[in-house]
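Let's take a walk through a protein chain together. Have a look at the picture first, and then we will go from the whole chain to its parts.

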Amino acid sequence: MRRTIVILLLILSQCYVNAQITTKRWCGSVNAEYSFGLVGYAHDYGYKSVGVAASYGLLLNDNYFVGVGIKPNYVFSDDDFDGYFQPVYGEFKYESLPNINQFFYSGVARLGFSPIKQTGLYAHLGGGMNYKKWDFGVGVSYQYTKFKENTFDGDRYEIEYNMVFATISVGYSF
């Protein structure tokens, strides 16, 4: 999985994006995110998630960003299991050019894996409005994991969770 992410990032960073590249620079963002179960198991059991997504990478031109990031977050429910996730991901972002009032819109895609504590695949697709360096976003996040559970007779087994969340975020770009 790590090899796939690294290869994807290398390919994206070498893509010919725009003949009018005006600037290449390193930059990043930090976003506080709140998520709630959208469909299926995450919705039925009232799952929620709070976390911080931090990304750093290369702005290829005025519009396209490719980078890597980490999102420590805690997934919890009143009626079911909870756990700490820390996905490491590759990120691709598109940002429009700002208008005269410094407003612009953006879209983001992330794909990664949570390698510690609660392991599993992570993905996020979102968009939002930006004002100067502030980001306000919405999106859909996916987290896969397995929780271990004991039965009444002492047997231990794993339950697979495919959790789909609606996500809202506020962040700052630097």
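Of the 174 residues in the chain, 39% are buried, where buried means under 20% relative accessible area, exposed means over 50%, and partly exposed lies in between (1.4 Å probe, protein chains only). Keep in mind that this is a predicted model, in which local features need pLDDT of at least 70 and side-chain atom pairs count only at pLDDT 80 or more, while totals for chains, interfaces and linings use all residues. Residues are numbered from 1 along each chain as its sequence is written, and side-chain values use heavy atoms, with hydrogens and water left out.

What is the chain built from? It has 2 helices and 10 strands; these are DSSP runs numbered from the N terminus, with at least four residues (H or I) for a helix and at least two (E) for a strand. Starting at the N terminus, the order of elements is α-β-α-β-β-β-β-β-β-β-β-β.

Now follow some strands that pair, which takes at least two DSSP bridges between them. Strand β2 (residues 48-59) and strand β3 (residues 64-70) run antiparallel and are joined by 6 bridges. A hairpin of 4 residues leads from β2 to β3, and Ala 54 has Ile 70 in β3 as its bridge partner. On to the next pair: β3 is also joined to strand β6 (residues 88-95), antiparallel again, by 7 bridges. Here Gly 69 stands opposite Tyr 89 in β6.

Next, the inside. A nonpolar core is a set of buried Ala, Val, Leu, Ile, Met, Phe, Trp, Tyr and Cys residues joined through side-chain atoms within 4.5 Å. The largest one here has 8 residues: Ala 42, Tyr 47, Val 75, Phe 85, Phe 147, Tyr 161, Met 163 and Phe 165. Strand β10 (residues 156-173) gives the largest share of this core, 3 residues. Which residues does Val 75 touch, leaving aside neighbours within four places in sequence? Its contacts (heavy atoms within 4.5 Å) include Tyr 47, Phe 85, Met 163 and Phe 165.

The largest pocket has a volume of about 400 Å³, the space filled by probe spheres set on grid points joined across faces, edges and corners. A pocket is an open set of points on a 1 Å grid over the protein atoms alone where a 1.4 Å probe fits, with protein on both sides within 12 Å along at least five of seven lines; lining residues have an atom within 4 Å of a point. Among the 22 lining residues, Arg 25, Leu 59, Glu 95, Phe 104 and Ser 173 are the closest to the centre of the largest pocket. β1 (25-39), β2 and β6 each supply at least two residues of this lining, and β1 gives the most, with 4 residues.
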